[in-house]
Amino acid sequence: MKSNEAQTPAIQVLERSFAILDVLASHQDPVSLKQISETTGLHPSTAHRILNDLAIGRYVDRPEAGAYRLGMRLLELGNLVKARLDVRDAALEPMRELHKFTHQPVNLSVRQGDEIVYIERTYSERSGMQVVRAVGGRAPLHLTSVGKLFLASDDPQRVRAYATRTGLAGHTRNSLTDIAALEREMATVRQRGVARDDEELELGVRCMAAGIYDDQGKLVAGLSISAPADRLEEAWLGRLKDTAAQISSALGYRG
């Protein structure tokens, strides 16, 4: 079966309409009929007829005579699509593939206030690691790899405010309980684009995490791999980042 990229519409007028919309999408300013005709290879009269029909449906606007831009109907439809996108739905199959690759728990988490909440997890008994925090479980931002991603996306003032509110309470001897140490960690996370938990939440458990972004470039979730401290492999990092990027792309991120 051909991929979507290899297929062309069976109805010629639809193919031509898509071509016109692509031209308009590639320009911020209104585009003249002449330029649309030259770019698409359509005769001006043909392009004009299609543009008229698209304008009737509000898929195209005509801000001035002989010039066209994308219409508000596309924004309305785009907002409907965006509203139906669910990070969990987009993440579930890629998470399963990542779990098959690592044989370790793969977690999807979001931020709620000063904590992260686990909203999905893929794991098996073969991982050799007891899953302590099930779906719906919570943990402080500064003690988790995903939480550090969210803190690193905040400005320094908000990170210090978080430290003041929470007191940076620790769970293990490795926990970051000092604001200076946390700020150094945030700088490292921003530089590398990934975050780690080095037995800071639970002794014997290490994690690595990469961010998931929406169509506005906003960090909306984090994807992490958890493993016994002596089994977390650096070779997994590239696959983790690729999987997070795949999920972000499904949410409309084009960064």
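A salt bridge here is a side-chain nitrogen of Lys or Arg within 4 Å of a carboxyl oxygen of Asp or Glu. With that in hand, welcome to this predicted model, in which Arg58, Arg73 and Glu76 are linked in a network of such bridges. The structure holds 15 salt bridges, and several of them are walked through below.

- A nonpolar patch on the surface is formed by Ile11, Val13, Leu14 and Phe18, which together have about 350 Å² of accessible area.
- Val13, one of the patch residues, belongs to helix 1, residues 12-25.
- Val13 has a relative accessibility of 44%, so it counts as partly exposed.
- Helix 1 also holds Leu24, but this residue counts as buried because its relative accessibility is 3%, under the 20% cut-off.
- Leu24 and Arg69 are 45 residues apart along the chain, yet their C-alpha atoms are separated by 5.6 Å.

**Residues with positive phi**

- Most residues other than glycine have a negative phi, which makes the next two residues worth a look.
- Arg58 has a phi near 65°, a positive value in a residue other than glycine.
- You will find Arg58 in the loop between helix 3 (44-56) and strand 2 (60-64).
- With 38% relative accessibility, Arg58 counts as partly exposed, and this residue is also a member of the salt-bridge network with Arg73 and Glu76.
- Glu199 shows a positive phi as well, near 55°.
- The position of Glu199 is in the loop between strand 7 (194-198) and strand 8 (205-213).
- Glu199 is buried, as its relative accessible area is 18%, and buried means under 20%.

**Salt bridges between parts that are separate in sequence**

- Arg88 and Glu120 meet through their side chains in a salt bridge, at 2.6 Å from N to O.
- Arg88 lies in helix 5 (residues 87-102) and Glu120 in strand 5 (residues 115-122), so this pair ties together parts that are 32 residues apart in sequence.
- Arg111 and Asp154 form another side-chain salt bridge, with an N to O distance of 3.0 Å.
- Because Arg111 is in strand 4 (residues 106-112) and Asp154 in the loop between helix 6 (145-153) and helix 7 (156-166), the pair ties together parts that are 43 residues apart in sequence.
- Arg111 is partly exposed at 24% relative accessibility, and Asp154 is buried with a relative accessible area of 9%.
- Glu200 and Lys148 also meet in a salt bridge, at 2.7 Å from N to O.
- Glu200 sits in the loop between strand 7 and strand 8 and Lys148 in helix 6, so the pair ties together parts that are 52 residues apart in sequence.
- Glu200 is buried, with a relative accessible area of 6%, and Lys148 counts as buried too, at 0% relative accessibility.

**Charges over aromatic rings**

- The charged end of Arg121 sits over the ring of Tyr118, at 4.9 Å from the ring centre.
- Arg239 lies over the face of Phe101, and here the distance from the ring centre is 4.3 Å.

- Ile179 is in helix 8, which spans residues 179-192.
- Ile179 has a relative accessibility of 29%, and it therefore counts as partly exposed.
- Between Ile179 and Leu75 there are 43 Å in space, C-alpha to C-alpha, and the two are 104 residues apart in sequence.

Key: Residues numbered from 1 in each chain as written. Predicted model: local features only at pLDDT ≥ 70, side-chain atom pairs only at ≥ 80, totals over all residues. Heavy atoms only, no water. Patch = residues over 30% accessible without salt bridge, like charges linked within 9 Å, V, L, I, M, F, W, Y side chains within 5 Å. Areas by Shrake-Rupley, 256 points an atom, 1.4 Å probe, with all protein chains shown as cover. Helix = DSSP H or I, 4+ residues; strand = E, 2+ residues; numbered from the N terminus. Buried < 20%, exposed > 50% of the residue type's maximum accessible area, 1.4 Å probe, protein only. Lys NZ or Arg CZ within 6 Å of the ring centre and 35° of its normal.
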